[in-house]
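My notes follow the order in which I looked things up.

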Amino acid sequence: MRTLIEFRRAALLAVALPLVALSAQRAAAEDIKIGYIKVTALAPVMVAQGKGYFAAEGLNAELVPFDAPVPVAQAVVSGAVDFGTTGPSGAFYNLAGQGTLHILAGMAREAPSFQFLAVLASNRAYNAGLKSVKDLPGHNVAITQLGTSLHYSIGLAAEKYGFPMSAITIRPLQSNTNVIAALSGGTIDAAVMPSTPTLTPVSKGEIKRVAWVGDVTPDWMGAALFTGTKTANERGDLVKRFLIAYRKG
């Protein structure tokens with residue numbers, strides 16, 4: 001018959017062994033960096049990080065924020081980050097065409113009532129009559145960079161409403177911060193950008209939201225999850241564990 005001391009030792013051992021195993025797992029965790037833009041449509045990676053899904057797959061994930069899509073793709077190619085989550089762009093496709101990038105999954109699809117990309121107007125332009133996507137001809141429209149999903153959505157709207165792209169002037173301002181500043185200051189008439197950075201200035205009345213892209217030109221994939229081709233080819237187990245955590249997120 002076991003003594004009280006033996007029972008206590010057994011209980012302590014039962015508690016200690018899982019802690020030792022967890023400590024060893026954390027010590028062996030593989031470091032990864034994920035490039036992303038702070039918008040709600042890319043939330044799966046943030047949820048996976050916050051809920052510990054990456055850690056559960058033996059991944060010590062660091063989220064690296066960017067303010068425009070192209071630098072994310074460039075960072076993946078250079079090895080500065082291991083995975084990227086953002087909308088594809090002309091630069092992205094150029095890099096992919098060189099065999100340096102590999103798409104792993106879709107992330108955000110434009111659909112009716114899905115509030116991802118927004119069409120916005122400065123107060124000055126809105127008060128002068130720019131109150132819908134149909135009113136864009138004759139105006140300048142800001143985006144972060146040429147060839148992005150923002151640029152593409154303008155092309156789809158032009159096709160839908162029957163006006164040529166030459167009827168508007170596209171202004172690539174390189175970052176969401178710059179676009180907001182230009183809209184708020186009235187130095188541009190309109191913009192297309194992710195909704196998240198616009199919530200505060202719209203609520204304060206500093207700019208106007210005139211439409212959601214998902215309501216105007218739905219049914220296309222606006223963002224993707226990708227990695228470097230070398231990572232996809234040579235680190236299959238890492239990619240698998242990453243995708244398990246991402247899917248849970």
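I began with the rings, and I noted that Phe54, Phe83 and Phe242 form one aromatic cluster. For the terms, rings of Phe, Tyr and Trp (its six-membered ring) pair if their centres lie within 6.5 Å, and planes under 30 degrees apart count as stacked, over 60 as edge-to-face and the rest as tilted.

Before going on I wrote down the ground rules: this is a predicted model, in which local features need pLDDT of at least 70 and side-chain atom pairs count only at pLDDT 80 or more, while totals for chains, interfaces and linings use all residues. Residues are numbered from 1 along each chain as its sequence is written, and side-chain values use heavy atoms, with hydrogens and water left out.

**Rings**

I found five aromatic pairs in the structure. Phe83 and Phe242 make a stacked one, with 3.8 Å from centre to centre and 5° between the planes. This pair links distant parts of the chain, since Phe83 sits in strand S3 (residues 83–86) and Phe242 in helix H12 (residues 236–248), 159 residues apart. Helices (H or I, at least four residues) and strands (E, at least two) are DSSP runs numbered from the N terminus. Are Phe83 and Phe242 buried or exposed? Both Phe83 and Phe242 are buried, where buried means under 20% relative accessible area, exposed over 50% and partly exposed in between (1.4 Å probe, protein chains only).

I then looked up Phe92 and Tyr93, which pair edge-to-face at 5.4 Å centre to centre and 85° between the planes. Phe92 counts as buried because its relative accessible area is 2%.

I also noted Lys131 over the face of Tyr126, at 3.7 Å from the ring centre; a charge sits over a ring if NZ of Lys or CZ of Arg is within 6 Å of the ring centre and within 35 degrees of the ring normal.

**The sheet with S3**

In which order do the five strands of this open sheet stand? I read the order S2-S1-S3-S10-S4, with mixed pairing, and two strands pair if DSSP finds at least two bridges between them. Strand S2 (59–66) and strand S4 (101–110) are at the edges with a single partner strand each, so one side of each has no neighbour in the sheet. From one strand to the next the twist averages 20°. Four bridges pair S3 with strand S10 (residues 220–228) in the antiparallel sense, and Gly84 has Phe226 as its bridge partner in S10.

Helix H4 (residues 69–78) lies across strand S1 (30–37), S2, S3, S4 and S10, and runs at about 165° to S3. Contact means heavy atoms within 4.5 Å; axes are lines fitted to C-alpha atoms, for helices over the stretch in contact, and angles run from 0 to 180 degrees between N-to-C directions.

**The sheet with S8**

I turned to another open sheet of five strands, in the order S7-S6-S8-S5-S9, again with mixed pairing. Its edges are strand S7 (169–172) and strand S9 (207–212), each with a single partner strand, so one side of each is left without a neighbour in the sheet. The twist here averages 30° from one strand to the next. Strand S6 (residues 140–143) and strand S8 (residues 190–194) run parallel and are joined by two bridges, with Val141 opposite Ala190 in S8.

Helix H7 (residues 149–161) packs on this sheet, touching strand S5 (117–122), S6, S7 and S8, and its direction makes about 125° with that of S8.
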